[in-house]
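User: I am new to this structure and would like to learn how to read it step by step. May we begin with the chains and then turn to single residues?

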Amino acid sequence: MELLGIWVAALLTLGIFSFLYKDNPVYKICESIFIGVSAGYWAIANFFDALHKKFWIGVFPTDGSDPDYFLWFGALLGVLMLMRLSSKIGWIARWPLAFIVGATAGLYMMLYFVSNAMNQVSSTMRDVIVVNSDTQLIIWGETVGSILIVIGVVSGLVYFFFSKEHKGIFGRTARVGIWFLMITFGAHFGYTVMSRMSLLIGRIDFLFRDWLHLLK
Amino acid sequence: MAQKNSKRISIVPFVIVISFFSLIIFSQSIQAQTEQEVFDSVQALIRQAEAADIPPAPVMKLQAVDNPNDKGGAIIVSWDLSVDDAEVKAYQIVRSESKDAGFELIGEAVRGNNTFVDNKVEDGKSYFYRVLSMKTTLEADNTVRAVSSLQATVEPVVSSAQWFYMTRASCLFFVLLISCAIIFYINKAKSGADIYVRKIAGIDAVDEAVGRATEMGRKIFFIPGIQDMNDVQTIAGIAILGRVGQLAAQYETWLEVPVSKSLVMVTARETLKEAYTQVGRPDAFNQNQVHYLTDDQFGYAAAIDGMVVREKPATIFYMGAFFAESLILAETGNAAGAIQIAGTAMPSQLPFFVASCDYTLLGEELFAASAYLSKEPRQLGSLKGQDFGKIIFMAAIIIGVIIETFTNYNVSQYFKVK
Amino acid sequence: MVSTIATVLMWGVGLSLIYVLYRTIKGHPIERRVVFLYIALTISLPLLMGKTAPVPVTADVQQLVDALNELTPGSKVLAAFDFDPASAPELQPMGVAFMKYAFKHDFKVIVMGLWPQGPQQANQAIELAMKDEIIAAKNLQYGIDYVNLGYQSGAEFVIQYMGSEFKRMFPLDDRHIPYDSLPIMNDISNFSNIDFIFNLSAGKPGTVEWIQIAVDRFGATCGAGNTAVQAPQVYPYLRSGQLTGLLGGMSGGAEFEKAINEKGQASTFIFAQMISHATVIAFIIMGNIAFFITRKKKKA
Amino acid sequence: MRREIPLIITTVAGLVFAVSYFIPHWPFGEAESIFGDWVAIIQAFAIWLGALNLVKVSLEKIYRKKEDALYAGIIIVCLLLTIAVGFYDGFTGGPQSSFRDTGTSFDWIYRFVYTPLTSTMFAMLAFFVASASYRAFRARNFEATLLLIAGFFVMGGRVPLFHLLLKPFTDVPYFSEFAGWIMAYPLTAGMTAIMIGIALGIMSSSLRIILGIERSHIGGGA
């Protein structure tokens, strides 16, 4: 089974890569298999791990604890969600959707405000002069860095400020802001290249090692 | 009008932030500094304790308190490490409802840890705790023997739920402040007040790009990304499509919108039809300008790829949510020599657009552009409210850094929310 | 033998770039598929050459290793595997190295995933770690020394409820054993009983959500390994101390393997990674040289 | 009715989550827990909705005998096959076992069909990045130049590439440290500004949803 598996995996890999030459039926077949298997995988995982584990065990406990009747409401909302498949009563799927949207909005509002705004403001608000606690000397690399962070954050926010025209000192600050943003995107760019190459290395390694046995 | 507005907004937040900081500094300066004394006494105790052999010395300063700021059901047991911490295998936490008997093991904390949170308590009941410093020794006959010494709490402790997270008070203040600002500006925009939005380079370039396509007699492509209408970026993209549509209608240039979601197709058709009508050219609108390709990510990219190579459009717009296909699209457009204007809030795709397109709307600029072009009060008001928030945070950072650097006050802790 | 041929071919590929540069300057850039071929070669050949490269351990990685070193035997570590096989080349080596480290240091490991594929990847990582001789000798028991809680739907909401009660989200573990029958979970109710969270993340839900909820709301300590695409987005959390240590992409994995002295997959890949970066850099430079020459000509 | 009920549901759910951040006491703490269970269950149903919808769309394609009917058929067969194998392994595995245990047929599908397909899909991006870097990434203005230079140092510094080039002269990994410095300071600064902006954006849209000013998710305008 293992050997058959490796051959199947290798052929599917090559099938997807055939897209690089041009879009072709083999690629489309592999892609269709992918879509089907992927949806099936998610469905199975959610059946056993979420619906069985969370709902079924909750309302029919096996360890003698009290059943949690509230879970039935959750299941009811879930079933309403499935109504979307019908065009006649599909509108009722908006109820569970409204619940999810509302809950997410409520949770996100505080999560993002706290972790991404307040705590970041707090971490930017530091003594910019970094001193080595033993020698009492200024650590220049970190001090310059800390000052850069303050300048970068403030000028970046100025760039994303839309109620005032970018003129004069405001405009020049925004210009500095965009430099910081560009360095940020540049670093993102470098990391993205790294990521993509890693994935390809992983695939080629599979072909060479497990399939062709060129590597040990 | 706009100028006056922007002046007012830049003073109010500063006043708020400065008064917030003054309050902090005032309250901090009246706090006594007794931390050091407590620390010294503990050190003295530790020095007094002899280095006992077996069992390890008991923990010190054991205390059990109700977990503050929670919905009840938790008690925090904490102690100062045994002086023989290095020998200790684990601190065993035992609990009883009476002071002298009926203790049960409820958990262990490994060496070096000085707290244990007991999450299995009932609110309203009194509990007594004991912590055993336990170590195991291997006897001559190869059996493991555990020895321990204990320390007990004297006062009973009761857990309860609290009504408010005190540590989150400053957070609540800023949430309310900014929320009020957003609601205020939305209402103001709804009542017809003029809300100013600054110039955005990519949007200014739209006229030029459409004009160029007209001169060259070639097509314009508008690509609204691969997400459905439930994504705010797609909605923002469609708002920009309205503007592009108006210009295309005026210049009589063929605008083509290939989409990957059927709902986007319907919306884009309506938007374009309206845009053509607004500039008095409803007859020039053709349903087939907006057409569906495929839902699939790479399939969509490959199809557009083919269209661009065959038809060599003069201008291509990418406005919406893009994922990995952004690369393929931007590369092909670039090779075909088109002017490319992109806008997305996907941080991992922005670098590729910046490097290969002529103009790029970065993140929030996309939403601002959409607010500016659609003139919708909800969007305009929110934009202004968010700007208010930005000013608050900018002011806080600048003043905070100055205070932190040149004084001894620790103001950053009031922004750190736990 | 294979590696010698690969080395010779690699030099050939490198030299042929000069011709590519010449063509590009002349205004006849090579076709897209030829670029594809170059990438395929500059990744395949270095892999076959079987070389490694020295990796200096960076501060972000060292911070994570330091935090792990501070944990004592018996510490309870939550390992959240939030990725799918698509990102496995980057994250799986980190997962394997972490498991080896944790088992060798006698941590109690609790595995879970917010992505359904995560627990399956974790099983593979544990399986591989168990093959290590030292770890095999320990004869670790499922349910006592480690456990796989499986996946639960609800993304960030799962973390939110784990903050008050793990059991509520995982009444059964992955093998359908009730929570209360697992000795390892005996004195674990929520994050307050967990000493360290190690998160491997390829997107959403992932490190950002763990920080926002487990760390900022419930006071846990969290270190993470991220795909390189996501890593830059979490750097602000690193500075603010919300995140304790970060492994970014393949190079982060290789540095981690070096720092904890567990040579693994990432270390063997880093040479190919390096050559592929060199190729991309070369292509960017060539493209831009041609761009500036043609622009000058137009102006003149 | 059709409009009001979803609106009320949204507001109640949103308020419970926002308020319980500040008030842990009954009823908010409890309501939050119960709602959280529901979210997990609804999201699991949503995944099934997606799978069923895929079947529906594919069946429609086959019905209309479109050119991609063959592919639609493959999708349905693979989907049903995976689900069938998963159910079989999940229900017949006996006690203390899981559908994802090593050695099950479902694990075979995972290892040898799902894994190669999904990872190869993403691995293809490596090729596209390379060709775009050659044909499209130009230092066309100051901003793009800055971006490419930062990318250059990060790409070369995060792997031992520049370190090896410098090796004949010094053993200190200057380029690695410089790449680390870019990440620790300028990147962190830019990213923090973006994060604060996004946080405010999410806050304002959440606020609009909770207060019922934004209704697009329930199919209504302003």
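User: What percentage of the 216 residues in chain A is made up of buried residues?

Analyst: Please keep in mind that this is a predicted model. Burial is judged by counting neighbours: a residue is buried if 20 or more other C-beta atoms lie within 10 Å of its own. In chain A, 57% of the 216 residues are buried.

User: Which pattern does chain A follow along the sequence?

Analyst: The pattern is α-α-α-α-α-α. Chain A has six helices and zero strands.

User: What radius of gyration does chain A have, and what would a compact globule of 216 residues have?

Analyst: Such a globule would have a radius of gyration near 17 Å, but the value for chain A is 27 Å. Along the principal axes, the C-alpha atoms of chain A fill a box of roughly 65 × 60 × 45 Å. Contacts can also be sorted by separation in sequence. Of the contacts in chain A with a separation of 6 or more, 16% are between residues 24 or more positions apart.

User: How many helices and strands does chain C have?

Analyst: Chain C has twelve helices and six strands. Its C-alpha atoms fill a box of roughly 75 × 50 × 30 Å, taken along the principal axes. Of the 300 residues in chain C, 63% count as buried. Among its contacts between residues at least 6 apart in sequence, 75% join residues at least 24 apart.

User: Which domains does the assignment give for chain C?

Analyst: A domain may be written as more than one range of residues. In chain C, domain 1 is given as 2–51 + 268–299 and domain 2 as 59–263. The C-alpha centres of these two domains of chain C lie 38 Å apart.

User: Is helix 11 of chain C mostly covered or mostly uncovered?

Analyst: One may check a helix residue by residue. Helix 11 of chain C, residues 249–259, is mostly covered, with eleven of its eleven residues buried. Among the buried residues are Met250(C), Phe256(C) and Lys258(C). Just after helix 11 of chain C, Asn261(C) takes a positive phi of about 60°.

User: Where else is phi positive, as in His213(A) and Lys375(B)?

Analyst: His213(A), a residue other than glycine, has a phi near 55°. His213(A) is found in the segment after helix 6 (168–211) of chain A, and it counts as exposed because it has 8 C-beta neighbours inside 10 Å. For Lys375(B), phi is near 60°. Lys375(B) is placed in the loop between helix 10 (364–374) and helix 11 (377–406) of chain B. With 13 C-beta neighbours inside 10 Å, Lys375(B) counts as partly exposed.

User: Which residues does a cis peptide bond join in chain C?

Analyst: The angle to read here is omega. A cis peptide bond joins Lys204(C) and Pro205(C), with omega about -5°. Pro205(C) lies in the loop between strand 4 (196–201) and helix 9 (207–215) of chain C.

User: What is the order of strands in the open sheet of chain B?

Analyst: A sheet is read by strand order and by the sense of pairing. In chain B, an open sheet of three strands has the order 1-2-5, with antiparallel pairing. Strand 1 (60–66) and strand 5 (115–118) of chain B each have a single partner strand, so one side of each is left without a neighbour in the sheet. Neighbouring strands of this sheet are turned by 15° against each other on average, direction ignored. Strand 1 and strand 2 (residues 75–80) of chain B pair over five bridges in the antiparallel sense.

User: Which residue in strand 2 of chain B is the bridge partner of Asp66(B)?

Analyst: The partner is Ile75(B). Asp66(B) itself is found in strand 1 of chain B. It counts as partly exposed because 19 C-beta neighbours lie inside 10 Å. Leaving aside neighbours within four places in sequence, Asp66(B) is in contact with Ile75(B), Val157(B), Val158(B), Ser159(B) and Ser160(B).

User: How many residues does the contact take from chain C and from chain B?

Analyst: An interface can be described by counting residues on each side. This contact takes twelve residues from chain C and 13 residues from chain B. By class, the side of chain C that touches chain B has two nonpolar, nine polar and one charged residues.

Methods
Residues are numbered from 1 along each chain as its sequence is written. Chains are lettered from A and ligands numbered from 1 in the order in which they are written. This is a predicted model: local features need pLDDT of at least 70, side-chain atom pairs count only at pLDDT 80 or more; totals for chains, interfaces and linings use all residues. Two residues are in contact if their C-beta atoms, placed from the backbone, lie within 7 Å. Ala, Val, Leu, Ile, Met, Phe, Trp, Tyr, Cys and Pro count as nonpolar, Asp, Glu, Lys and Arg as charged, and the others, Gly among them, as polar. Two strands pair if DSSP finds at least two bridges between them. Helices (H or I, at least four residues) and strands (E, at least two) are DSSP runs, numbered from the N terminus. Axes are lines fitted to C-alpha atoms, for helices over the stretch in contact, and angles run from 0 to 180 degrees between N-to-C directions. Domain bounds come from an automatic or database domain assignment. A residue is buried if 20 or more other C-beta atoms lie within 10 Å of its own, exposed if 12 or fewer, and partly exposed in between; C-beta atoms are placed from the backbone. The radius of gyration is taken over C-alpha atoms; the globule rule is 2.2 Å times the number of residues to the power 0.38.
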